[in-house]
Amino acid sequence: MTALRLDDLKQYSDVLRSRSGEKITVRFVEPRDAEELQNYFRSLSTRSRYNRFFGAMRELPTNVLENFVHVGEHEQFSVVATVMVDGFEVIVGEARYAFHAEDASVELGVSIDDRWQGQGIGRALLKNLECRAAALGAARLFGDTLRSNDAMIALAKKAGYAFTNSPGDWKLVRFEKSIDIEPQDIPCASWRLAAAGKAAFSSLAV
């Protein structure tokens, strides 16, 4: 796995585009985001929160929120997708992912604000997560979703994920994808920094 410099999270930020060309910033969550992130989850529709957490939940429990805003602990990471609205940064999506070194995989969960769904943000965020996973040394990306979550299933299909049964829960389906990004194509800051670090290490080793 590539070591991340967690003392400087801003350098891992990426700028994506919505289907209409809207500028979307994807960045690591910081402790200062706790209140806004909680408000984001509260603002989701009941169905969107149920789809995200597989159960009824009005907001994140305090301990879960703490985990969300502390990046890198136990190889778990959280990012938010934000846009500028009237001069204020607004969270329009989020993702949580965990690196599993034993099988070189990254497990993910993602949600998009109901008011911003259908604008290509989810697909752009999934592509960005592939790159972030590759920077960690992962060879595979996967997630679980409810069989009734048609939107997430359609999104994963369009993004090239395959589907299998989720181990241990018949209500869930697993979507997974091998990470196959050409080395010369570096579409996110995490990979750029990882590549630079490897190049520096190689030059020192010569």
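The model is predicted, so local features need pLDDT of at least 70 and side-chain atom pairs count only at pLDDT 80 or more, while totals for chains, interfaces and linings use all residues. Residues are numbered from 1 along each chain as its sequence is written, and side-chain values use heavy atoms, with hydrogens and water left out.

**Two helices**

Helices here are DSSP runs of H or I with at least four residues, strands are E runs of at least two, and both are numbered from the N terminus. Buried means under 20% relative accessible area, exposed over 50%, and partly exposed in between, with a 1.4 Å probe and protein chains only. In α1 (residues 34-43), the buried residues are Ala34, Leu37, Gln38, Tyr40 and Phe41. They lie on the same side of α1, because their arc around the axis is only 155 degrees; the arc is that of the directions from the helix axis to the C-beta atoms. Their cover includes α2 (46-53), α3 (62-68), β3 (76-85), β4 (88-100) and β5 (105-112).

Helix α2 buries Ser48, Arg49, Asn51 and Arg52. These cover an arc of only 160 degrees, and so share the same side of α2. Thr46 and Arg47 are exposed on the face turned away from that buried side. Just after α2, Phe54 takes a positive phi of about 60 degrees.

**Rings and charges**

Tyr12, Phe28, Phe77 and Tyr97 form one aromatic cluster, where rings of Phe, Tyr and Trp (its six-membered ring) pair if their centres lie within 6.5 Å, with planes under 30 degrees apart counted as stacked, over 60 as edge-to-face and the rest as tilted.

| Charge | Ring | Distance to ring centre |
|---|---|---|
| Arg96 | Phe68 | 5.2 Å |
| Arg132 | Phe28 | 5.1 Å |

**A strand residue**

Phe142 is found in strand β6 and is buried, with a relative accessible area of 5%. Not counting residues up to four places away in sequence, Phe142 touches His100, Ser105, Val106, Glu107, Leu108, Arg174, Phe175 and Glu176, contact being heavy atoms within 4.5 Å. Phe142 and Lys171 are 29 residues apart in sequence and 17 Å apart in space, C-alpha to C-alpha.

Key
A charge sits over a ring if NZ of Lys or CZ of Arg is within 6 Å of the ring centre and within 35 degrees of the ring normal.
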